[in-house]
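Let's take a walk through a protein model together.

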Amino acid sequence: MKKTLQLADFNQDQMHDEIIHEISVENGCLVLRFNELHFPHGGTFSKAKIVFSGFEDILYDVRFNFFAWNKRLRIKHGTKRYLYEMLEELGKKKKTFEVINTYFAYKTVLIFGECKDNSTSKTEEFVLEIDADEVSYMFFE
């Protein structure tokens with residue numbers, strides 16, 4: 001099953017509480033792979049792939065913002081990494097990204113969640129910013 005939507009017109013509920021198992025670039029598209037879905041998402045699907053396309057410059061139109069809160073819920077530190085920096089880092093370290101919420105605005109997707117570095121067990125909050133024209137959801141058994 002494949003569903004393609006124009007992000008400028010998109011206003012539906014999205015995936016949450018799912019783990020992004022792989023982040024890659026294929027044919028100029030950003031691909032997020034979910035290998036074990038917790039929710040059936042409209043059927044009996046166990047895997048999904050979300051493909052973002054229509055970038056001006058994919059290496060700069062995809063940004064990862066990492067941050068940590070202090071006890072007063074203020075950001076105590078944060079960093080921004082562009083896609084090319086994250087792909088390089090993900091090649092060296094295994095990280096787990098858990099999606100908590102997804103927000104859509106005109107041609108921009110914000111994915112909020114928690115990132116865990118599996119080698120150190122350190123966790124940080126993250127916001128993945130994606131500026132794209134189109135998104136395709138593909139679900140698999």
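A residue is called buried when its relative accessible area is under 20%, exposed when that area is over 50%, and partly exposed in between (1.4 Å probe, protein chains only). Strands (E, at least two residues) are DSSP runs, numbered from the N terminus. This is a predicted model, where local features need pLDDT of at least 70 and side-chain atom pairs count only at pLDDT 80 or more, while totals for chains, interfaces and linings use all residues. Residues are numbered from 1 along each chain as its sequence is written, and side-chain values use heavy atoms, with hydrogens and water left out.

**A covered strand**

Two strands pair if DSSP finds at least two bridges between them. E5 pairs with strand E4 (residues 29–34) in the antiparallel sense, over five bridges, and Phe52 in E5 is the bridge partner of Leu30. E5 also pairs with strand E11 (residues 134–140), again antiparallel, over seven bridges. There, Val51 stands opposite Ser136.

**Rings**

Now for the aromatics. Rings of Phe, Tyr and Trp (its six-membered ring) pair if their centres lie within 6.5 Å; planes under 30 degrees apart count as stacked, over 60 as edge-to-face and the rest as tilted. By this rule there are nine aromatic pairs, including these two:

| Pair | Centre to centre | Angle between planes | Kind |
|---|---|---|---|
| Phe97 and Phe126 | 5.2 Å | 85 degrees | edge-to-face |
| Tyr137 and Phe139 | 6.4 Å | 15 degrees | stacked |

Phe97 sits in strand E8 (residues 95–105) and Phe126 in strand E10 (residues 123–131), so their pair ties together parts that are 29 residues apart in sequence. Both Phe97 and Phe126 are buried. Tyr137 is buried too, at 9% relative accessible area, and Phe139 is buried at 10%.

Ring pairs also link Phe64, Phe66, Phe97 and Phe126 into a cluster. The charged end of Lys95 sits over the ring of Phe66, 5.6 Å from its centre (the rule: NZ of Lys or CZ of Arg within 6 Å of the ring centre and within 35 degrees of the ring normal).

**A buried charge**

What is the nearest side chain of opposite charge to Glu18? That's Lys47, 13 Å away, and the buried Glu18 has no salt bridge (a side-chain nitrogen of Lys or Arg within 4 Å of a carboxyl oxygen of Asp or Glu). Glu18 is found in strand E2 (residues 18–20). A polar atom of the Glu18 side chain lies 2.9 Å from the backbone nitrogen of His38.

How values were computed
Helices (H or I, at least four residues) and strands (E, at least two) are DSSP runs, numbered from the N terminus. Lys and Arg count as positive and Asp and Glu as negative; His and the chain ends are not counted. A polar contact is a pair of N or O atoms within 3.5 Å; within protein, one must be able to donate a hydrogen and the other to accept it, and residues adjacent in sequence count only if both atoms are side-chain atoms.
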